[in-house]
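Reader: I would like to go through the side chains of this protein with you, one question at a time. Could we begin with the aromatic residues and then turn to the core?

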Amino acid sequence: VRQHGLNTYASGTCASACTLIFAAGHTRQLAPGARLGFHGYSLQVFGGLPQIDPAQEQAKDRAFLRQQGISASFLDQAFATPPETMWFPPRHALLQAGVLRQ
């Protein structure tokens, strides 16, 4: 998405990893009634996956989202959301934080 300069548009619920794809868009738009959902990272796989460090992955994705113009304070709240829940910020918060971009 980012490499090809594509725009992104969510028409329903875009949550968890979907928000990374959405944030890669050159312009990022949300349909009326659509929503974006965010949460912190964890790895809840029996026995774990030693090659994956959730904290390292979250730090990498945080850096990417900052490069895309999303505010640090917004990301603080997004990643502070427990992984078993979802934070759906209101449209005005998405605009203010730079998540939506015309």
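Reader: Is Phe74 buried or exposed?

Author: This is a predicted model, and the values given here are computed from it. A residue counts as buried when its relative accessible area is under 20%. Phe74 has a relative accessibility of 5%, and therefore Phe74 is buried.

Reader: How many aromatic pairs are there, and how are the rings of Phe38 and Phe74 arranged?

Author: With ring centres required to lie within 6.5 Å, the count comes to four aromatic pairs. The centres of the Phe38 and Phe74 rings are 5.2 Å apart and their planes stand at 90°, and because planes over 60 degrees apart fall in that class, this pair is edge-to-face.

Reader: How many residues apart in sequence are the parts that the pair of Phe38 and Phe74 ties together?

Author: Phe38 belongs to the loop between strand 4 (35-37) and helix 2 (54-67), whereas Phe74 belongs to helix 3 (residues 72-80). Phe38, at 8% relative accessibility, is buried. The pair therefore ties together parts whose separation in sequence is 36 residues.

Reader: What is the angle between the planes of Tyr41 and Phe79, and is Tyr41 buried or partly exposed?

Author: Tyr41 and Phe79 form an aromatic pair with 5.5 Å from centre to centre, and the pair is edge-to-face with an angle of 80° between the planes. Tyr41 lies in the loop between strand 4 and helix 2 and Phe79 lies in helix 3, so this pair ties together parts that are 38 residues apart in sequence. Phe79 is buried at 12%, whereas Tyr41, with a relative accessible area of 27%, is partly exposed.

Reader: Which element gives the largest share of the largest nonpolar core?

Author: This core has 22 residues, and those touching the most other members are Leu36, Phe38, Phe74, Leu94 and Val99. Two or more residues come from each of helix 1 (18-23), helix 2, helix 3 and helix 4 (91-97). The largest share, four residues, comes from helix 3.

Reader: Which backbone oxygen lies 2.7 Å from a polar atom of the Thr8 side chain?

Author: Thr8 is in strand 1 (residues 8-10), and at 11% relative accessibility Thr8 is buried. Beyond its neighbours within four places in sequence, its contacts include Ile21, Phe22 and Gly25. The backbone oxygen at 2.7 Å is that of Phe22.

Notes. Residues numbered from 1 in each chain as written. Predicted model: local features only at pLDDT ≥ 70, side-chain atom pairs only at ≥ 80, totals over all residues. Heavy atoms only, no water. Phe/Tyr/Trp six-rings, centres within 6.5 Å; stacked < 30°, edge-to-face > 60°. Buried < 20%, exposed > 50% of the residue type's maximum accessible area, 1.4 Å probe, protein only. Polar contact = N/O pair within 3.5 Å; in protein donor to acceptor, adjacent residues only side chain to side chain. Contact = heavy atoms within 4.5 Å. Core = buried A, V, L, I, M, F, W, Y, C linked by side-chain atoms within 4.5 Å.
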